Amino acid sequence: MITLLNLPAQYEQLKDEIDDAILKTFQNAQFVLGSEVEALEKEFAEFCNVKYAIAVNSGTSALHLACLNCDLNAGDEVITVSSTFVATIAAIRYTGAIPVFVDIDMNSYTIDADQIEKAITKKTKAIIPVHLYGHPADMEKILAIAKKYDLKIIEDASQAHGATYKGKTVGGFGDIGCFSFYPGKNLGAAGEGGMLVTNSEDIYKYSRMLRDWGQEEKGNHVVKGYNYRMDGIQGTILRIKLRYLRKWNQSRRRKARLYTELLNDLPLNLPNISQNIEHVHHVYPIRTKERDNLREFLNSNDIQTGIHYPQPVHLSTAHKDLGYVKGDFPNSEILAETELSLPIYPELDESAQKKIAKKIKLFFAD
Ligand SMILES: *Cc1c(COP(=O)(O)O)cnc(C)c1O
């Protein structure tokens with residue numbers, strides 16, 4: 001069986017370091033926040049080339065706190081995409097603000113920056129570009145629009161740790177960058193985890209308060225906060241893995257290049273890589289109208305695949321109260337109907353990729 005992910009293989013590589021780190025956490029009993037989480041914040045801020053990082057208990061919490069930092073209130077509007085994990089939308093709605101969708105560009109699968117301006121109203125407060133699959137959104141255009149209309153930018157970089165746009169690491173373009181450390185992400189915890197990054201001292205201080213019950217110092221609750229603290233065990237494990245992340249992203253790029261080479265002449269849409277970006281291939285998405293049949297065929301040949309995501313958020317039951325209907329965002333809908341994610345992770349070996357490509361060829365030869 002070739003699985004979509006192989007987290008045990010990652011653990012095997014790091015077993016000694018991780019086991020030792022977990023043991024130390026039990027010995028020093030820093031189970032919530034603590035020195036390892038603080039060190040992770042420093043190191044992750046450095047990795048993203050920003051001044052500050054605030055560790056939280058999930059990517060969703062990071063997005064929620066980012067929205068609160070943009071002073072979103074009921075009825076305010078936030079421009080984003082329907083082609084994302086539902087958490088992006090949920091975080092906006094936790095504040096009472098309204099997500100306003102813009103279609104995606106089919107080359108990058110990220111927000112079509114040319115369609116943002118027509119979605120702006122007097123109520124628009126922020127834009128959330130999502131660096132989907134590890135491909136950065138077109139930040140130069142988005143930054144120019146945000147400046148022109150005085151809007152905040154929150155980057156959802158949950159799938160793009162270490163990706164660059166014009167040489168600069170994502171997360172550091174907007175007012176706030178948000179990351180998820182869900183286990184299968186390019187940098188994954190042994191459970192839940194997330195991070196906000198920013199260059200603003202105000203955002204840094206406010207976010208630290210919000211994640212820990214609104215305390216300015218212990219016992220002094222100055223705002224209504226949350227329990228969004230990161231566990232010490234996650235901090236210590238993420239510190240270890242962060243040291244391998246650049247190498248792992250390199251390895252993902254090699255895997256992606258090999259897939260592209262092997263699948264090039266088939267009737268498939270392969271992922272494009274825009275100029276001036278460095279992709280981190282959280283997902284290797286191929287597209288075909290035969291998606292469901294191909295998926296079943298690969299499954300019957302012991303090859304697991306994924307779909308990211310089968311439902312564009314604007315057509316989900318959960319968010320149908322936003323009032324969107326089928327046809328509103330044709331590209332997002334096409335992506336949901338045709339996308340298939342092939343296994344991609346640093347430990348995936350070449351022979352497995354060749355086997356996958358061979359089976360896909362066989363499928364189309366029939
Ligand atoms: C994973 C993910 C999230 C949510 O992160 P969690 O850590 O699972 O809460 C948000 N947005 C995107 C694009 C994601 O891929």
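## Where α3 meets α6

L65, L68 and N69 in α3 touch I203, Y206, S207, L210 and R211 in α6, where contact means heavy atoms within 4.5 Å. Five of the residues in this contact of α3 with α6 are nonpolar, two are polar and one is charged.

A word on the model: it is predicted, so local features need pLDDT of at least 70 and side-chain atom pairs count only at pLDDT 80 or more, while totals for chains, interfaces and linings use all residues. Residues are numbered from 1 along each chain as its sequence is written, and side-chain values use heavy atoms, leaving out hydrogens and water.

α3 and α6 pack at an angle of about 125°, their axes 10 Å apart. That makes α3 oblique to α6; angles under 35 degrees count as roughly parallel, over 145 as roughly antiparallel, 65 to 115 as roughly perpendicular and the rest as oblique.

## Around α6

Helix α6 spans residues 201-211, and its buried residues are I203, Y204, S207, M209, L210 and R211. Buried here means under 20% relative accessible area, with exposed over 50% and partly exposed in between (1.4 Å probe, protein chains only). Their cover includes α2 (35-48), β1 (52-56), α3 (59-69), β8 (176-180) and β9 (194-198).

How is the N-terminal end of α6 capped? S200 does it, with a side-chain oxygen 3.3 Å from the backbone nitrogen of D202. After α6 comes W213, with a positive phi near 60°.

## A66 in α3

Back in α3, we find A66. At 0% relative accessibility, A66 counts as buried. Setting aside neighbours within four places in sequence, A66 is in contact with I154, I176, C178 and L196. R93 sits 27 residues from A66 along the chain, and their C-alpha atoms are 12 Å apart.

Most residues other than glycine have a negative phi, and most peptide bonds are trans. L33 has a positive phi, near 50°, and lies in the loop between α1 (7-28) and α2. Its relative accessibility is 15%, so L33 counts as buried. D71 isn't a glycine either, yet its phi is positive at about 55°; D71 belongs to the loop between α3 and β2 (77-81).

Then there's the cis peptide bond from H308 to Y309, with omega near 5°. Y309 lies in the loop between α9 (291-300) and α10 (330-338).

Conventions: Helices (H or I, at least four residues) and strands (E, at least two) are DSSP runs, numbered from the N terminus. A polar contact is a pair of N or O atoms within 3.5 Å; within protein, one must be able to donate a hydrogen and the other to accept it, and residues adjacent in sequence count only if both atoms are side-chain atoms. Axes are lines fitted to C-alpha atoms, for helices over the stretch in contact, and angles run from 0 to 180 degrees between N-to-C directions. Ala, Val, Leu, Ile, Met, Phe, Trp, Tyr, Cys and Pro count as nonpolar, Asp, Glu, Lys and Arg as charged, and the others, Gly among them, as polar.
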